[in-house]
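Let's take a friendly walk through a protein model together. Keep the picture open beside you as you read.

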Amino acid sequence: MQKPSRRTLLRAPIATAGAGLLAACSGSGSAPPSRPEHGDGAGRFVPPGPRGYVNPSDPEVLAAERKRGAGPVRTFRFTAAESTLDLGGKSVRSWSYNDALPGPLVRVTAGDVLDLTLANRLPVTTTLHSHGVRLRCDMDGTPDLTQNAIASRADFTYRFVAAHPGTYLFHSHVGLQPDRALYAPFIVDDPKEHLAYDKEWVVVLDDWVDGVDGSTPEQVLAQLKPGGSDAAMTGMAMGPGHGTPGPRGSSSRTRAAGPSRVLHDSHSRMLNGEGGSVAYPLYLANGRMGTHPSVFRCRPGDRVRLRLINAGSETAFRVALGDHRMTVTHTDGYPVEHKETDALLIGMAERYDVLITAKDGVFPLVALAEGKQGKALAVLRTDKGKNLPAPDVQPDELDGKVVPARRLKPAGSVALADRDPDREMRIRLTGSMEKYDWGFDHKPYDVRQRHPVRAGERVRLTLINATDMFHPVHLHGHTFALTGLDAVGARKDTSIVLPHRKLVIEFDADNPGLWMLHCHNQYHSESGMMTVLGYLR
């Protein structure tokens, strides 16, 4: 079977709104010396905090980057600005990259140097985080920890070696900006790819509230906090800042309050508790509502690689393709031993790659908002017809076999070597819906926090969820292995910790710097469920 050419892959649809929006790319030459705005040389960013830790642009960080090599430079440009977005029959005003939802697909090959300039044309500060990418620390995009947030009307160039192939995600890391349209898929192709397939389908899932009946993410957070109905009238209540002063990542302009978006009486058996706290009015697949879904076309018998990305801020999705079984090949960009499943549970910021063999006809790809009311819909079709599945279609596969991440075995090429841990840490996930006081070990985020590790160590981290909610926990700059009694070692960077359960992960401390560990429920992280792992000198 012929593998698809790079040209074929670049043509594969992600969303009709995103077609043709790839920024210009320069394709040859080795990397020139980094410019000052990339974090090298005088003017290196040094965050507040205790001494004795490796800072984001210290020599140890630069040495680790040199070891990754330097291939061809691939150049892109994003402009973050307010825009009108068509969700498929409904238009909203929001903030986006290059006026697209999702933002433009960026694609490079492992070993390439990514050179991406973010032009901030928002009225507030912003950054760009390369979610899941093991990169140099000063390019991580964490405001006040790895860089100063990018001022309005300013540009910043993110430049780093994309060393590891996989399916990743760009998004802002300032306030609740990711709950707008400030995200985009990022794919690093494997030059030694072993998978054979005919077509590729990138599917980005999202929960959407911004601009619907006057709602904004900041108003929603205000509604979730104690006394929220009054605070929501200004849309100004915010959590602890690591970006702009005042409302972090939001406009200072007062807006009329939208309707209540607080979700009541939510429950999910798969999540062992509540499915979330936000009742989103819309759920999107590739930026489109189910009434006007995006359509992927192929031929009967085509082997299709789906790259499934949950860009949602507060929703886990149960995903299935009608009349098809899926073969899981990767999770969070790292290969696993192939395993068949009917459906997948994908937490916020998790990614799964699967293979399917297309049948003849039209088939719904449904992402059920787990524990909530609603779903996202995209369509696979092999015929020339125009009929589409109903927006409320419910494939039987959604109630079929669901393979959890802990049951996936890593491919031998990426499995962590057997080794006793050099350092063990335990962190409790704390907080409640009533007080909306999410944190780690009952402490809200402070940029000066440090959980120490040392380069070369094998670290075992036990995450203990002492709350009634699930939390998808993400570690920046690293991937970890799911270990513990019932896990078999899949490599991930984001993983769900169920209520009143614990998750044991292990990782090699091989990327010096200061790295955020946080819940990827944007409303939880913005309320304080973030902390910092720091490399000791």
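## A bridge to start with

Begin with Arg460 and Glu506, which form a salt bridge whose closest N and O atoms are 2.8 Å apart. This pair links distant parts of the chain: Arg460 sits in strand β23 (residues 458-465) and Glu506 in strand β28 (residues 502-508), 46 residues apart. Please keep in mind that this is a predicted model.

Arg460 has a relative accessible area of 26%, so Arg460 is partly exposed. Glu506 has a relative accessible area of 8%, which means that Glu506 is buried.

## The chain as a whole

Now step back and look at the whole picture. The chain contains five helices and 30 strands. It has 537 residues, and 64% of them count as buried. The accessible surface of the chain is about 19400 Å², with 49% of that belonging to carbon and sulfur atoms.

How much of the contact pattern comes from residues 24 or more positions apart? Among contacts in the chain with a separation of 6 or more, such residues account for 77%.

## More salt bridges

Side chains of opposite charge can pair when their charged atoms come close. How many salt bridges does a search of the whole structure find? The search finds 39.

One of them joins the side chains of Asp353 and Arg307, at 3.4 Å from N to O. Asp353 belongs to strand β17 and Arg307 to strand β12 (residues 303-310), so this pair ties together parts that are 46 residues apart in sequence. Are these two residues buried or exposed? Asp353 counts as buried because its relative accessibility is 1%, and Arg307 counts as buried because its value is 2%. Both residues also belong to a network of salt bridges that links Arg107, Asp189, Glu193, Glu200, Arg305, Arg307 and Asp353.

Next, find Asp486 and Arg406, whose side chains meet in a salt bridge of 3.2 Å from N to O. Asp486 is in the loop between β25 (480-482) and β26 (491-492), while Arg406 is in the loop between β19 (375-381) and β20, so the pair ties together parts that are 80 residues apart in sequence. Asp486 counts as partly exposed because its relative accessibility is 38%. Arg406 has a relative accessible area of 35%, so Arg406 is partly exposed as well.

Rolling a probe the size of a water molecule over the atoms shows where empty space is left. In this model, the largest pocket holds about 730 Å³ of space. Its lining has 28 residues, and those nearest the centre are Pro404, Arg406, Asp486, Ile496 and Leu498. The elements that give two or more residues to this lining are β27 (494-497) and β28.

Which loop holds Glu350? Glu350 lies between β16 (344-346) and β17 (351-357). Its relative accessibility is 2%, so Glu350 counts as buried. The side chain of Glu350 makes a polar contact of 3.0 Å with the side chain of Lys492. Leaving aside neighbours within four places in sequence, Glu350 is in contact with several residues, including Leu308, Asp332, Thr494 and Ile496.

Gln177 is in another loop, between β7 (166-171) and β8 (183-189). With a relative accessibility of 0%, Gln177 counts as buried, because buried means under 20%. The side chain of Gln177 makes a polar contact of 2.7 Å with the side chain of Thr126. A polar contact of 2.7 Å also joins the side chains of Gln177 and Ser172.

## A tryptophan to finish

Finally, look for Trp438 in the loop between β20 (423-430) and β21 (439-440). Trp438 counts as buried because its relative accessibility is 2%. What does Trp438 touch, not counting residues up to four places away in sequence? Among its contacts are Thr430, Met433, Thr467, Met469, His471, His524 and Met529.

Ser527 is another residue that Trp438 touches. Trp438 and Ser527 are 89 residues apart along the chain, and their C-alpha atoms are separated by 5.9 Å.

Conventions:
Residues numbered from 1 in each chain as written. Predicted model: local features only at pLDDT ≥ 70, side-chain atom pairs only at ≥ 80, totals over all residues. Heavy atoms only, no water. Helix = DSSP H or I, 4+ residues; strand = E, 2+ residues; numbered from the N terminus. Buried < 20%, exposed > 50% of the residue type's maximum accessible area, 1.4 Å probe, protein only. Contact = heavy atoms within 4.5 Å. Polar contact = N/O pair within 3.5 Å; in protein donor to acceptor, adjacent residues only side chain to side chain. Salt bridge = Lys/Arg side-chain N within 4 Å of Asp/Glu carboxyl O. Areas by Shrake-Rupley, 256 points an atom, 1.4 Å probe, with all protein chains shown as cover. 1 Å grid on protein atoms, 1.4 Å probe; cavity = no way out; pocket = protein on both sides within 12 Å on 5 of 7 lines; lining within 4 Å. Points joined across faces, edges and corners; volume = space filled by probe spheres on them.
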